[in-house]
Amino acid sequence: MKFHTTIILLFITNFVFAQTITPNQPKKDEIKYLEDHKKLRIGIRGGMAFLTANSTGENNADLQGLRDKMSAGIQFGADIHYFTSEFVGWGFKYSSFGTSGSTTVSVVPSNGSGVVTEQDYAENLVARFYGPSFTTRILSGNAKNVYTLGFAMGYMDYTNNLNFFGESFEARSNALGLSWTAGWDWMFSKNFAASLSLTYTVGALKKFDVEGANSQQLTSINETLLSDISRLEISLGISFYK
């Protein structure tokens, strides 16, 4: 229920934002940008992303240390929007986040021998988001600065290549994702802008499918991997207006 309420609140916020700025449109003879009224915007971006959750409740200090190391990673993405009015646009958004890490884990064997062994453990995960998006924009008085606020709801795809205590597996999962973006474009020419944006993407995985794993390994992997892949993204990029 809380998840659905969040979706509704985010959409209402964007709608109210668009309605608020529309009555205060600048006069067309004041801002040349609106005289040309560019309807198409294509943006590419990249930067850092930070997972907002980094614990699975795992008691193993080695694995928790790995979670802390993997909380930051590289992200890149692109989006395209068509503005049906000077301030409201609809389009599609894509983003990809990747991080990896490895550690040595102290393992107590299940045979009751009590002998602790050191085993390798590694992850290399990629989480992607893609889906339809809605955005609003306002302009500064000299039309050099374009401020955007956007919301997207779509599909999150997850893959993680594991070295799971000496055995290699690929874990897969997917989830519904929400993405909220605040951005700034600085128009350095008629059709191009340098961009800065802050994005928060929310997604929670329910279970992981692991081909080739037996039932015990599958249970252990599902208990070990991080299911909350929500992340905060800080991006620099370039935007094309037409």
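The predicted model of the protein chain has an average pLDDT of 84, and 80% of the residues score at least 70, where pLDDT is the predictor's confidence in each residue on a scale from 0 to 100. Over residues 26-31 the pLDDT is below 50, and this stretch has 11 contacts in the model beyond near neighbours in sequence, a contact being defined by heavy atoms within 4.5 Å. Because the model is predicted, local features need a pLDDT of at least 70 and side-chain atom pairs count only at pLDDT 80 or more, whereas totals for chains, interfaces and linings use all residues. Residues are numbered from 1 along each chain as its sequence is written, and side-chain values use heavy atoms, with hydrogens and water left out.

The protein chain contains four helices and nine strands, taken as DSSP runs of H or I with at least four residues for helices and of E with at least two for strands, numbered from the N terminus. Along the sequence, these elements follow the pattern α-α-β-α-β-β-β-β-β-β-β-α-β. Among the contacts in the protein chain with a separation of 6 or more, 71% come from residues 24 or more positions apart. Of the 242 residues, 43% count as buried, where buried means under 20% relative accessible area, exposed means over 50%, and partly exposed lies in between, with a 1.4 Å probe and protein chains only.

The search of the whole structure for aromatic pairs finds 10 of them. Rings of Phe, Tyr and Trp (its six-membered ring) pair if their centres lie within 6.5 Å, and planes under 30 degrees apart count as stacked, over 60 as edge-to-face and the rest as tilted. One of these pairs is formed by Trp 186 and Phe 188, which are tilted, with 6.1 Å centre to centre and 40° between the planes. Trp 186 is partly exposed, with a relative accessible area of 42%, and Phe 188 also counts as partly exposed, at 42% relative accessibility. A tilted pair is likewise formed by Phe 192 and Phe 240, whose centres are 5.3 Å apart and whose planes make an angle of 55°. Phe 192 lies in strand S7 (residues 192-203) and Phe 240 in strand S9 (residues 231-241), so this pair ties together parts that are 48 residues apart in sequence. Phe 192 is partly exposed at 35% relative accessibility, and Phe 240 is partly exposed at 29%. Elsewhere, Phe 76, Tyr 94, Tyr 130 and Tyr 155 form one aromatic cluster. Arg 137 lies over the face of Phe 83, at 3.6 Å from the ring centre; a charge sits over a ring if NZ of Lys or CZ of Arg is within 6 Å of the ring centre and within 35 degrees of the ring normal.

The loop between S6 and S7 holds Ser 189 and Lys 190. Ser 189 is partly exposed, at 31% relative accessibility, whereas Lys 190 is exposed, with a relative accessible area of 53%. A polar atom of the side chain of Ser 189 lies 3.1 Å from the backbone nitrogen of Phe 192. From C-alpha to C-alpha, Ser 189 is 9.8 Å from Tyr 241, although the two are 52 residues apart in sequence; Lys 190 and Lys 144, 46 residues apart in sequence, are 9.5 Å apart in space, C-alpha to C-alpha.

Within strand S6 (residues 167-187) is Thr 181, which is buried, with a relative accessible area of 16%. The side chains of Thr 181 and Thr 199 are joined by a polar contact of 3.0 Å, that is, a pair of N or O atoms within 3.5 Å; within protein, one must be able to donate a hydrogen and the other to accept it, and residues adjacent in sequence count only if both atoms are side-chain atoms. Leaving aside residues up to four places away in sequence, Thr 181 touches residues including Lys 93, Thr 148 and Ser 197. In strand S5 (residues 145-164), Phe 151 is buried, with a relative accessible area of 7%. Phe 165 lies in the loop between S5 and S6 and has a positive phi of about 55° although it is not a glycine.
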